[in-house]
Each structure stands twice: as C-alpha cells, then as structure tokens.
Amino acid sequence: MGGTFDPIHHGHLVAASEAAALLDLDEVVFVPTGKPSFKQHAKVSPAEHRYLMTVIATASNPRFTVSRVDIDRPGLTYTVDTLRDLRAERPDADLFFITGADAIEQILTWKDAAQLWDMAHFVAVTRPGHHLTVDGLPPDGVTTLEVPALAISSSDCRRRAEAGQPVWYLVPDGVVQYIAKHGLYRGLDE
Ligand code: ATP
Ligand code: MG
C-alpha cells in the first residue's frame with residue numbers, strides 16, 4: 001500500500017485491512033513514498049518521521065509491515081521503481097498495489113504506465129458512491145474496493161494539529177503522541 005502517510009490515519013489502516021480480508025492477502029506492506037512526483041510543490045514532512053509514524057501505526061498487526069524502498073531510493077518516487085524493488089525482495093509473491101481511487105485515476109500519467117500492468121494487480125480503494133471514471137485501463141488490471149466511508153484525510157489531520165485541535169481517534173494513539181512529541185505540522189504556512 002503506497003502513500004505519503006503524512007500522517008498515516010485510520011482511513012489508510014481500514015483500507016489496508018479491508019483489502020487484506022477481501023483479497024485474502026498474506027501481508028500488507030506499507031510503502032511511505034520518498035519524494036512524491038505529484039506533490040513536488042507541497043510541503044511534505046521528512047521521510048523518517050513519516051516512516052516511523054507508519055511503523056508505530058502498523059506495529060500491532062502481524063500482517064502489516066513497512067518498507068523503506070521508496071524513502072531509501074534517491075530522487076523522485078515512481079511506482080514502477082517501487083514495484084521493481086518489492087518484486088526483487090519477494091520473487092515468488094503475487095503483488096497487489098493498493099492505493100486510493102484518486103491515485104489510480106492518474107495512473108495513465110505515471111512513469112512507464114504501460115509496464116505497470118504486468119508488475120502487479122492494482123486495487124483502487126474508494127469511498128462508497130465514488131466510482132472509477134478513467135478510460136484506457138485494462139479491464140482485468142484494476143479491482144475497485146469500497147471501504148467504509150471514513151471522512152479522514154492526512155490534510156485534515158495536519159490542519160487540526162496546526163490549529164491545536166484534536167487528532168485523537170483519527171490516527172492511532174501512538175501517532176497522536178509522536179506528532180506532539182516532535183511538534184509536527186506546527187506553523188505550516190511559514
Ligand atoms: P492528503 O490529504 O495529504 O492527500 P491522504 O489522506 O490522501 O493525504 P495519502 O498518504 O495521500 O493520504 O494516501 C495514500 C492513499 O490512501 C491515497 O491514494 C488515498 O486516496 C488513500 N486514502 C486516503 N484517505 C483515505 C480514506 N479515508 N479512505 C480510503 N482511502 C484513503
Ligand atoms: Mg491524498
């Protein structure tokens with residue numbers, strides 16, 4: 001499951017858990033992105049903070065792991081490189097790339113998009129009522145999965161942390177404490 005995870009929240013965790021259950025996955029590997037190519041102009045927290053919050057959030061689930069492949073690779077993050085690195089670590093695995101429908105909708109603009117379909121099966125998680133509306137995706141390449149409506153986003157969690165409003169229960173307890181301990185998202189507009 002790829003994401004910026006700035007911070008990881010319960011929407012991500014429910015989506016991963018639903019995908020694992022419905023697709024009968026042995027493991028969900030959370031892959032915090034290095035420098036997201038589509039968020040170049042946004043201020044993104046240092047990779048190490050995003051990685052550690054992801055580790056804290058997933059630690060209690062034996063099927064959830066976290067990979068450093070994207071944050072340790074120099075340069076912008078492209079999914080084609082992520083999948084190549086994960087494949088090298090797990091040569092015999094069936095790979096599923098789980099991400100939000102919003103990201104899948106941009107898939108045709110991703111680097112080496114045509115190669116991606118052979119590298120993994122794509123899973124687009126959507127909120128109920130949201131349907132994928134892209135033309136040109138191979139019919140068997142993408143599975144759409146409705147996850148329970150969770151009106152949680154990292155942007156909203158950052159805004160709340162910045163304004164001193166609670167993020168309790170939107171993100172796991174350890175992540176609330178990590179954000180406070182390191183003063184993340186303070187003074188975002190500076
Ligand atoms: P931001 O608000 O900064 O864009 P985000 O909440 O979308 O952050 P990302 O790290 O960008 O978090 O998310 C990774 C993927 O998880 C994205 O493709 C996104 O669509 C999906 N996702 C995010 N929030 C939810 C949610 N509440 N339910 C299901 N999927 C989600
Ligand atoms: Mg997003």
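I worked on a predicted model, in which local features need pLDDT of at least 70, side-chain atom pairs count only at pLDDT 80 or more, and totals for chains, interfaces and linings use all residues. Residues are numbered from 1 along each chain as its sequence is written, while chains are lettered from A and ligands numbered from 1 in the order in which they are written.

**Ligand 1.** I looked up the shell first. I found 17 residues around ligand 1 (a residue is near if its C-beta atom, placed from the backbone, lies within 6 Å). Gly3, Gly11, Gly100, Ser154 and Ser155 come nearest. Which elements supply at least two residues each? I noted helix H1 (10-23), strand S6 (96-100), helix H5 (101-104) and helix H7 (154-163). Helices (H or I, at least four residues) and strands (E, at least two) are DSSP runs, numbered from the N terminus. H1 gives the most, with three residues. By class I have seven nonpolar, nine polar and one charged. Here Ala, Val, Leu, Ile, Met, Phe, Trp, Tyr, Cys and Pro count as nonpolar, Asp, Glu, Lys and Arg as charged, and the others, Gly among them, as polar.

**Sheet.** I then followed S6 into its sheet. Three strands form an open, parallel sheet in the order S6-S7-S8. S6 and S8 are at the edges with a single partner strand each, so one side of each has no neighbour in the sheet. Neighbouring strands are turned by 25° against each other on average, direction ignored (axes are lines fitted to C-alpha atoms; angles run from 0 to 180 degrees between N-to-C directions). Strands pair if DSSP finds at least two bridges between them. S6 and S7 (residues 121-126) have five bridges. S7 and S8 (residues 142-146) also pair over five bridges. Threonine 99 stands opposite alanine 124 in S7. Alanine 124 stands opposite threonine 144 in S8.

**Leucine 108.** I placed leucine 108 in the loop between H5 and helix H6 (113-119). Is leucine 108 buried, exposed or partly exposed? It counts as partly exposed because it has 13 C-beta neighbours inside 10 Å (buried means 20 or more other C-beta atoms within 10 Å, exposed 12 or fewer, partly exposed in between; C-beta atoms are placed from the backbone).
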